[in-house]
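Reader: Can you walk me through this structure? I would like to go step by step.

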Amino acid sequence: MSLRLMRGFPEYLSENGWEVHVVCSTGPGLARAQALNGAVRYHGIEMRRDPALIQDIRSLMAWIHLCREVRPDIISVGTPKAGFVGGLAGWITRVPRRVYHQRGLRLETSKGTQRLILELTERVAIGVAHTVLAVSPSLRDVLVRLRLSKSEKIFVV
């Protein structure tokens, strides 16, 4: 799914002189992307969409290992799970710039314990990011209203 969300963006960065590494869950989409674009390096790290404590710890460790190996100047994450796991790994390994691309809040349609877990993961993802990119002014307003982020940290794409 994340490969579809950022279609064309890694290639654009690569064409403009960036060394680009893309992290996404393993699967057929990863293999197709690798075959189509040799200029971008793809790394498969299994990340489940729903909270899964043991798998999330494994994902975090894989992200930390990758960040230590690649030593990125910037990390840009764009899904709730990558925001949480990848953002946290970037913070732990002291990646100089961390950006979280916020496309929506899954927690808005959740209740009970599920909502609390999703809210906590969003707080961590936003908290470890230097910048939050929101896809709309209304999403920016919700992030501020729910006190997930200060308004000056959020920029609308």
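Reader: How do β5 and β6 pair, parallel or antiparallel, and over how many bridges?

Author: Strand β5, residues 131-134, pairs with β6 in the parallel sense over 3 bridges. Two strands pair if DSSP finds at least two bridges between them. Strands here are DSSP runs of E, at least two residues, and helices are runs of H or I, at least four residues, all numbered from the N terminus. Before we go on: residues are numbered from 1 along each chain as its sequence is written, and side-chain values use heavy atoms, with hydrogens and water left out. This is a predicted model, where local features need pLDDT of at least 70 and side-chain atom pairs count only at pLDDT 80 or more, while totals for chains, interfaces and linings use all residues.

Reader: Which residue in β6 does Leu133 stand opposite?

Author: Leu133 stands opposite Phe155.

Reader: What sheet are these strands in, and in what order do the strands come?

Author: The sheet is open and has 4 strands, in the order β3-β4-β5-β6, with parallel pairing. β3 (74-77) and β6 (154-156) are at the edges; each has a single partner strand, so one side of each has no neighbour in the sheet. On average, neighbouring strands of this sheet are turned by 20° against each other, direction ignored. Axes for such angles are lines fitted to C-alpha atoms, for helices over the stretch in contact, and angles run from 0 to 180 degrees between N-to-C directions.

Reader: Which strands does helix α5 lie across?

Author: Helix α5, residues 80-92, lies across β3 and β4 (97-102), and runs at about 160° to β3. Helix α6, residues 112-128, lies across β4 and β5 and runs at about 135° to β4. Contact means heavy atoms within 4.5 Å.

Reader: What does Pro80 touch?

Author: Pro80 is in helix α5. Not counting residues up to four places away in sequence, Pro80 touches Tyr100 and Glu122. Pro80 and Ile126 are 46 residues apart in sequence and 9.8 Å apart in space, C-alpha to C-alpha.

Reader: Is Pro80 buried, exposed or partly exposed?

Author: Pro80 is partly exposed, at a relative accessible area of 35%. Buried means under 20% relative accessible area, exposed over 50%, and partly exposed in between, with a 1.4 Å probe and protein chains only.

Reader: New topic. How many salt bridges does a search of the whole structure find?

Author: The search finds 3 salt bridges. A salt bridge is a side-chain nitrogen of Lys or Arg within 4 Å of a carboxyl oxygen of Asp or Glu.

Reader: Why would side chains pair up like that?

Author: Side chains of opposite charge can pair when their charged atoms come close.

Reader: OK, which residue does Lys81 meet in a salt bridge?

Author: Lys81 meets Asp56, at 2.6 Å from N to O. Lys81 is in helix α5 and Asp56 in helix α4, so the pair ties together parts that are 25 residues apart in sequence. Lys81 counts as buried at 12% relative accessibility, and Asp56 counts as buried at 11%.

Reader: What else is Lys81 in contact with?

Author: Leaving aside neighbours within four places in sequence, the contacts of Lys81 include Met47, Arg48, Arg49 and Asp50.

Reader: And which residue does Asp50 meet in a salt bridge?

Author: The side chains of Asp50 and Arg106 meet at 2.4 Å, N to O. This pair links distant parts of the chain, 56 residues apart: Asp50 is in the loop between β2 (41-44) and α4, and Arg106 is in the loop between β4 and α6. Asp50 is partly exposed, with a relative accessible area of 41%, and Arg106 is partly exposed with 22%.

Reader: Where does Glu119 sit relative to Arg123?

Author: Both are in helix α6, 4 residues apart, which is about one helical turn. Glu119 counts as partly exposed at 21% relative accessibility, and Arg123 as partly exposed at 32%.

Reader: Last one. Which residues make the nonpolar surface patch?

Author: Leu53, Ile54, Ile57 and Met61 make a patch of about 420 Å². Patches are made of residues with over 30% relative accessible area and no salt bridge; like charges are joined within 9 Å, and nonpolar side chains (Val, Leu, Ile, Met, Phe, Trp, Tyr) within 5 Å. Accessible areas come from the Shrake-Rupley method with a 1.4 Å probe, and for residues only the protein chains shown count as cover. Met61 lies in helix α4, residues 53-70, and is partly exposed with a relative accessible area of 48%.
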